[in-house]
Amino acid sequence: MAWRCHGVDNADLVRQLERHGILKSARVANAMRACDRGNYAPTSSRDEAYEDHPLPIGYRATISAPHAHAACLELFERAGVVARGKKVLDVGSGTGYLSACFAELVGCEEGAGKVVGIEHIDALTESSVENVKRDGKGGLLDAVDAFRLVTGDGRDGYEKMAPYDAIHVGASAEEIPEALLNQLAVGGRMVIPVGGSNGQALTVIDRLRDGSLRKRDEMGVMYVPLTSRDEQLSPTRF
Ligand code: SAH
């Protein structure tokens, strides 16, 4: 998988992801077509926005590679948890790119579903709001009950709007935060990279109808850690 899906523009990037079999669902492809990665990549690396690799966004964070975004969106779509009207929590929302894709899928702008993106670096939350505006989705930001980009410790989830049908964690954890499991709805799915700094397993957790959890590893991945703000910004870390 991956590193082969470079595009000349956003539509071409999505086409490449489809051609390589990473994007399978038309609904996910449409959502990614509607969110131009060029509007979420930092200005200094905008010419690389349609290449299939992560890009640094400052504060030791990255915007994930397009194939990683596509793979996560597909995992949720396959479980039916990002259908119109569903509720999504995006932990470590960074640039806001994936939160915007979720908003397309669940229909935030039409008042159908709800999305909360939670990011612990305030400057990143602020720039994610600008990115969403640049992407022509300012209307989303007016619908505060349907779409929110907030600053906070994502390890605690976002209780105010719980439970969630889909919880995406965009940073890796050695252990799955209990609060996130508690905020996963019955029938819901969480996707979280689990492991240490040498690599992680992208783990898929489903809450079954009887309330129990079913867990499986999807693939090996490499994400930045889900940590405290101080740890992330500390010069001695990593
Ligand atoms: N999914 C985003 C960003 C991925 S990088 C994108 O593709 O644009 C992971 C993000 O998780 C970083 O922005 C980092 O600041 C954030 N993060 C790490 N620990 C966190 C925590 N405890 N709470 C909230 N956000 C956290």
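This is a predicted model: local features need pLDDT of at least 70, side-chain atom pairs count only at pLDDT 80 or more; totals for chains, interfaces and linings use all residues.
Strands, like helices, are runs assigned by DSSP and numbered from the N terminus: a strand is a run of E with at least two residues, a helix a run of H or I with at least four.

Residues are numbered from 1 along each chain as its sequence is written, and side-chain values use heavy atoms, with hydrogens and water left out.

Back to the ligand. Among the polar contacts (N or O atoms paired within 3.5 Å), a polar side-chain atom of Glu-119 sits 2.7 Å from a ligand oxygen. The side chain of Gln-232 also has an N or O atom 2.9 Å from an oxygen of the ligand. The protein buries 100% of the 570 Å² that the ligand exposes when taken alone (Shrake-Rupley accessible area, 1.4 Å probe).

Now follow the chain to some strands that pair, meaning DSSP finds at least two bridges between them. S6 (residues 164-169) runs parallel to S7 (residues 184-196) over four bridges, and Ile-167 stands opposite Met-190 of S7. S7 then pairs with S8 (residues 199-207) in the antiparallel sense, over eight bridges. A hairpin of two residues links S7 to S8, and Gly-195 has Gln-200 in S8 as its bridge partner.

Note on methods: A polar contact is a pair of N or O atoms within 3.5 Å; within protein, one must be able to donate a hydrogen and the other to accept it, and residues adjacent in sequence count only if both atoms are side-chain atoms.
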